[in-house]
Amino acid sequence: MLQNLRHCSLQLCLSRLIGLLMWLAISAPSKAATFNAGADLLRQPPIEINVSLGNAANELKFFPDALQFTAGKRYKLILTNPSSSKHYFTAKDFADSIWSQKVEAGGVEVKGTISELELKPGTTAEWVFVPIKSGTYELHCSIPGHAEAGMVGKLGISASTKVA
């Protein structure tokens, strides 16, 4: 059943995870207690990671341009744009490999499937998510010329190291 989580759509991942937890509670109560302690994702404090889309000198780069996450941990990606032009944080394949809890920006909270964020100059957005599927994913700014000028990166998800 755990392998099915790797191949489910984002909409089904959460319900399958809940089903897995229920299955564990019924079939192996001692293992379920250990698993539930680490799997209560909404109570897990997020690991905060700051990413800058460009900088005050208007360099077309992500700072940092390589990020590594661990499946099953909760993260808060704090995205800022200190430059004088808008930028996009575009990573569709990465977004397909995580469960997004929310994106919060400008007093608005957005839930659901998210694959691209546009940050206007001087703005900040917070993306809270849990990686589900391991792999290496491309990141880029989709404004014409920005990726070609170096506004690209890598987002990696490693398998959970937790042993039940």
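Mentor: Two strands are taken to pair if DSSP finds at least two bridges between them. Please keep this in mind as we read this structure, which is a predicted model.

Trainee: How many strands form the open sheet, and in what order do they stand?

Mentor: In general, strands of a sheet pair through backbone hydrogen bonds, either parallel or antiparallel. Here, 6 strands make up an open sheet with the order 2-1-4-9-6-7, and their pairing is mixed. The protein as a whole has 11 strands, together with 4 helices.

Trainee: Which strands stand at the edges of this sheet?

Mentor: Those are strand 2 (62–63) and strand 7 (108–110). Each has a single partner strand, so one side of each lacks a neighbour in the sheet.

Trainee: How do strand 6 and strand 9 run, parallel or antiparallel?

Mentor: They run antiparallel, and 6 bridges join strand 6 (residues 98–105) to strand 9. As an example of residues facing each other, Ile 98 stands opposite Pro 131 in strand 9.

Trainee: Which residues is Ala 125 in contact with, leaving aside its neighbours within four places in sequence?

Mentor: The contacts are Leu 77, Ile 78, Leu 79, Glu 104, Ala 105 and Leu 119. Consider Leu 77: this residue is 48 residues from Ala 125 along the chain, yet their C-alpha atoms are separated by 8.1 Å. Among contacts between residues at least 6 apart in sequence, 72% join residues at least 24 apart.

Trainee: What else is Leu 77 in contact with?

Mentor: Beyond four places in sequence, its contacts include Val 51, Phe 69, Phe 89 and Trp 127. Leu 77 also belongs to the largest nonpolar core, which has 30 residues. Leu 77 is among the residues with the most contacts inside that core, as are Val 51, Phe 69, Phe 89 and Trp 127.

Trainee: Where does the pLDDT stay under 50?

Mentor: One such stretch is residues 1–6, for which the model has 12 contacts beyond four places in sequence. Over residues 18–35 the pLDDT is also below 50, and this stretch has 14 contacts beyond near neighbours in sequence. For the protein overall, the mean pLDDT is 82, with 73% of residues reaching 70 or more.

Methods. Residues are numbered from 1 along each chain as its sequence is written. This is a predicted model: local features need pLDDT of at least 70, side-chain atom pairs count only at pLDDT 80 or more; totals for chains, interfaces and linings use all residues. Side-chain values use heavy atoms; hydrogens and water are left out. Contact means heavy atoms within 4.5 Å. Helices (H or I, at least four residues) and strands (E, at least two) are DSSP runs, numbered from the N terminus. A nonpolar core is a set of buried Ala, Val, Leu, Ile, Met, Phe, Trp, Tyr and Cys residues joined through side-chain atoms within 4.5 Å. Buried means under 20% relative accessible area, exposed over 50%, partly exposed in between (1.4 Å probe, protein chains only). pLDDT is the predictor's confidence in each residue, from 0 to 100.
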